[in-house]
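The exercises below ask you to read a protein structure step by step. Try each task before you turn to its solution.

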Amino acid sequence: MGRTLQNTMINLGLQNACDEAVYQLGLDMEELEEIEEDAGLGNGGLGRLAACFLDSMATLGLAAYGYGIRYEYGIFNQKIRDGWQVEEADDWLRHGNPWEKARPEYMLPVHFYGRVEHSASGAKWIDTQVVLALPYDTPVPGYMNNTVNTMRLWSARAPNDFNLRDFNVGDYIQAVLDRNLAENISRVLYPNDNFFEGKELRLKQEYFVVAATLQDIIRRFKASKFGSTDSVRTVFDSFPDQVAIQLNDTHPAMAIPELMRIFVDIEKLPWDKAWDITKRTFAYTNHTVLPEALERWPVDLVEKLLPRHLQIIYEINQRHLDHIASLFPNDVDRLRRMSLIEEGGTKRINMAHLCIVGSHAVNGVAKIHSEIVKTQVFEDFAALEPEKFQNKTNGITPRRWLLLCNPGLAELIAEKIGEDYVRDLSQLTKLHEFVDDDLFIREVAKVKQENKVKFALYLEKEYKVKINPSSMFDVHVKRIHEYKRQLMNCLHIITMYNRIRRDPTKLFVPRTVIIGGKAAPGYHMAKMIIKLINAVAQVVNNDPMVGSKLKVIFLENYRVSLAEKVIPATDLSEQISTAGTEASGTGNMKFMLNGALTIGTMDGANVEMAEEAGEENLFIFGMRVEDVSELDRKGYNAQLYYDRLPELKQAVDQIKSGFFSPKDPTLFNDVVNMLFHHDRFKVFADYEAYVKCQEKVSELYLNSKAWTKMVIRNIAAAGKFSSDRTIKEYARDIWHVEPSDLKIPPPNEPRDAGQDKTPNGTAA
């Protein structure tokens, strides 16, 4: 979520008033804003997407709730020591959190372990351990529409009789100390991005948020006029018309068997009725195609922790496979491929398959990704129900990612096209009229230059390096992962360094290369990549032959509040994943909206950015998805590229020989060995095209006017990438609710009786 103060002032239309009032008190608002901790309750794009979606849902007047876990410790703080990443705990609640309100009156029990007893009256889950879920509510204000939605985060609490009620021999002190075991559930965020770690505590977290949330939703449904009761029992027929639940990846997939358990075991609905309601309630968003990221939980673990849920999953699978067998008799391989249970070695539950079978809609997050989901990853399922599969291209909120972080540019745009674009970003196309306006071109360049000077000062203060603000700011910020190919950027840096040293008199377009991002603590290769970047920076930044022509900076502890500083100051945005690996990306959209040009592959939303702006207004290079497939078919041989390209050979040899690690020449052996022998992401295959494309970038940067005109064309084409557009599509195509552009009256004005009508439908 990042910081809340400035975003709240902007959405309430109070920023200028607050700035002035605080100034009158002899304080500086910006200084105050810097004191607030980031709420870092997610890993990368997936968590930030949820935050943008909450802002858009409130702005569109949807009755929507964001549910999650109130982690005591969020994503770790990253320190760089001697070039290595070191993790520190993110104690973000140390000074309290003024934005949250505990709601003990809505506390709910969540059950674990135990056993299942079957009888004539149905199944009973008994002898369980209970953990309490305490909700904390954070307000989510819409933009200037007097709407405030709720983000409800659950915190784990031990019941007061925890470890004291049963066969306890009287170690009272130990029993109280053991309360920590229950409360550990919401202690810490697992720091993996795009990687599945099948730990028991993680499964507990996933079920904890799901069980508490579903009880909360059902309580709210029963309390509403729709949860009509026929004397004893609630009628749930209208449930899917009143409740929509969007599964943000497979992490909350246990919601599907949990809702079935509530309907069948507790509410005593017949299976078929319960299943129909469940399917119509859930929709699933897929966020990655990397096989190592797909959740596959061991059956024995689920059986121990959630025995009733395993039985329900088996029943769902049996009926699912019976259906397929009836359509494709004797096709045992299809049954194996489509099963929710993977046999062979340890039996595992494929959570993505569970989500597809248990949902009425499945979507990818960019056109190209949704195609890959349909034609490759889940092709059998798409063949069965093609109408279930959709695309919803991701977006970003223009409130945080333009108004808040780049007020200079936001104001400049408003002067030209009015202020309405903040709620309807498609209006940015009006900027096309000014692409040849010399004054506007100069003003856009001036705002960028001011942002660069401000960020350069920040870097000097934080990193004690002198930055040339007229150099090209070439920025690559995102989680560190092999598929994102920070290594390819690193090879380009070394290549530029070698070119400067080969001919110091030759014209060189000065660059400041900024790379930032966190590596999962257990991801050895990602940590080696960080060390390599810092080792290269050490050499480049201290070489007198290079001077101010080339500087390399690794940005420590990349997070939302730092993104808000670096993105508006960026000239060149690096989006260089191997085609077919980045589901969408959203950083790419933030840079585009803030006046950076993009160098990138035809991957994720880059494809649609090129479609919107014209491919000639992005620096697109490298293999397409088809080329990658073809190379896989032939077999990728890294050695061929190394032998054929002298500059690549030189750079790799320098890494290999210890040129960048003279005290430990073999330090980067693992990295070099990976690049030659098991590089799934084919860095060498795109190196030549990347370097040539970078030469075109430098050439254009020399012509400031032509560069800025391309920038304006990009900003004018960024309208599609508002999360408001994304959410409108979810609302119409999946949730079946109508966004309302009505600004409800402020609380100090009397409301007409006619405005009291509850809009039909709730998105949860």
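**Exercise 1.** Is Asn330 buried, partly exposed or exposed?

*Solution.* Begin with the ground rules: this is a predicted model, in which local features need pLDDT of at least 70 and side-chain atom pairs count only at pLDDT 80 or more, whereas totals for chains, interfaces and linings use all residues. Residues are numbered from 1 along each chain as its sequence is written, and side-chain values use heavy atoms, with hydrogens and water left out.

Next, recall the cut-offs: a residue is buried under 20% relative accessible area, exposed over 50%, and partly exposed in between, with a 1.4 Å probe and protein chains only. Asn330 has a relative accessible area of 79%, and it therefore counts as exposed. Its place is the loop between α12 (307–327) and α13 (332–338), where helices (H or I, at least four residues) and strands (E, at least two) are DSSP runs numbered from the N terminus. Finally, look at the backbone: the phi of Asn330 is positive, near 70 degrees, although Asn330 is a residue other than glycine.

**Exercise 2.** Which loop holds Asn146, and what is its relative accessible area?

*Solution.* Asn146 sits in the loop between β8 (129–141) and β9 (148–157). Its relative accessible area is 34%, so Asn146 is partly exposed. Asn146 is not a glycine, and yet its phi is positive, at about 55 degrees.

**Exercise 3.** Describe helix α4, giving its span, its buried residues and what comes after it.

*Solution.* First take the span: α4 covers residues 45–59, which makes 15 residues, and it reaches 21 Å from its first C-alpha to its last, close to the 21 Å expected at 1.5 Å a residue. That expected span is 1.5 Å times one less than the number of residues. Then consider how covered the helix is: eleven of the 15 residues in α4 are buried, among them Leu49, Cys52, Phe53 and Leu54. Just after α4 comes Gly61, with a positive phi of about 70 degrees.

**Exercise 4.** How many residues of domain 2 are in contact with domain 3, and how much area do the two domains bury between them?

*Solution.* Start from the bounds, which come from an automatic or database domain assignment: domain 1 is 1–36, domain 2 is 44–221 and domain 3 is 407–720. The centres of domain 2 and domain 3, taken over C-alpha atoms, are 37 Å apart.

Now turn to the interface, where contact means heavy atoms within 4.5 Å. By this rule 23 residues of domain 2 are in contact with 24 residues of domain 3. The two domains bury about 2,000 Å² between them, with 55% of it on carbon and sulfur atoms; buried area is the accessible area (1.4 Å probe) that two parts lose on being put together, summed over both.

**Exercise 5.** How many salt bridges does the rule find across the interface of domain 2 and domain 3?

*Solution.* A salt bridge is a side-chain nitrogen of Lys or Arg within 4 Å of a carboxyl oxygen of Asp or Glu. The rule finds one across the interface of domain 2 and domain 3. Elements that give two or more residues to the side of domain 2 touching domain 3 are α4, β2 (77–81) and β3 (84–88).

**Exercise 6.** Which residues does Thr726 touch, not counting residues up to four places away in sequence?

*Solution.* Locate Thr726 in helix α31 (residues 723–735). Its relative accessibility is 0%, so Thr726 counts as buried. Not counting residues up to four places away in sequence, Thr726 touches Phe53, Thr393, Asn394 and Gly395.

**Exercise 7.** Where does Thr586 lie, and which residues is it in contact with, leaving aside its neighbours within four places in sequence?

*Solution.* Thr586 lies in the loop between β22 (572–575) and α23, and it is buried, with a relative accessible area of 10%. Leaving aside neighbours within four places in sequence, Thr586 is in contact with Gly45, Leu49, Asn394, Gly395 and Ile396.
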